[in-house]
Amino acid sequence: IKIKSVEVPGSIKISEIVNNPQKYKGKSIQVSGTCTKLNPNIMGRNWIHLKDGSADEYDFVITSDAAVPEGHTVTMKGNVTLDKDFGAGYMYELIVENGEIVNFSNQ
C-alpha cells in the first residue's frame, strides 16, 4: 500500500501523537491517514491500522465500530489511551479507542 502524506485541517500528525503521548492521554483527537490493515471484529471491534507519512514505522491503531478498507484514506476522531492491556496478548502503549469516521475517501 502506497502511503502519501495526508494533510487535513484539524488532524494531528501521527508522529506528534507518538512523540508526545502524555500530551494526548485521555483526550479526544482527530487523525487522518491511509488504512494499511484492517483486523475486523476482534473482541467486538475493528482494528484499523493507519499511516500518514509522518511516523510510518509506528503501528498506529484505532479501534472502531466502523470498517475502513485497506488503501482508503480516512479522518477519524477517537480517544487516546496509554498502556492498554486487552488481554490475550493485545497490549498497546498507545491506542486510539472508540474511533468514529469524520471523512472518508477511496484515494
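**Exercise 1. Aromatic pairs**

How many aromatic pairs does the structure hold, and which residues form a cluster through ring pairs?

Solution. 
- The structure holds four aromatic pairs. Rings of Phe, Tyr and Trp (its six-membered ring) pair if their centres lie within 6.5 Å; planes under 30 degrees apart count as stacked, over 60 as edge-to-face, and the rest as tilted.
- Take Trp 47 and Phe 86: their pair is edge-to-face, with 5.0 Å centre to centre and 75° between the planes.
- Trp 47 belongs to strand E2 and Phe 86 to strand E4, so this pair ties together parts that are 39 residues apart in sequence. Strands (E, at least two residues) and helices (H or I, at least four) are DSSP runs, numbered from the N terminus.
- Ring pairs join Trp 47, Phe 86, Tyr 90 and Tyr 92 into a cluster.
- Both Trp 47 and Phe 86 are buried. Buried means under 20% relative accessible area, exposed over 50%, partly exposed in between (1.4 Å probe, protein chains only).

A note on the model: it is predicted, local features need pLDDT of at least 70, side-chain atom pairs count only at pLDDT 80 or more, and totals for chains, interfaces and linings use all residues. Residues are numbered from 1 along each chain as its sequence is written, and side-chain values use heavy atoms, with hydrogens and water left out.

**Exercise 2. The barrel**

In what order do the strands of the closed barrel run?

Solution. 
- The order is E1-E2-E3-E5-E4, a closed barrel of five strands with mixed pairing. Two strands pair if DSSP finds at least two bridges between them.
- Look at E1 and E2: they pair in the antiparallel sense over six bridges.
- Asn 39 stands opposite Trp 47 in E2.

**Exercise 3. The nonpolar cores**

Which element supplies the largest share of the largest nonpolar core?

Solution. 
- Start with the count: the largest nonpolar core has 18 residues. Such a core is a set of buried Ala, Val, Leu, Ile, Met, Phe, Trp, Tyr and Cys residues joined through side-chain atoms within 4.5 Å.
- Among the residues with the most contacts inside this core are Ile 17, Ile 29 and Val 80.
- Next, the suppliers: H1, E1 (28–42), E2 (45–51), E3 (60–64), E4 (73–87) and E5 each give at least two residues of this core.
- E4 gives the largest share, four residues.
- A second, separate core of five residues includes Trp 47, Phe 86, Tyr 92 and Ile 95.
- In soluble globular proteins, nonpolar side chains tend to be buried together.

**Exercise 4. Val 8**

Where is Val 8 found, and which residues does Val 8 touch?

Solution. 
- Val 8 sits in the segment before helix H1 (14–19).
- At 29% relative accessibility, Val 8 counts as partly exposed.
- Val 8 touches Gln 30, Ser 32 and Thr 75, not counting residues up to four places away in sequence.

How values were computed
Contact means heavy atoms within 4.5 Å.
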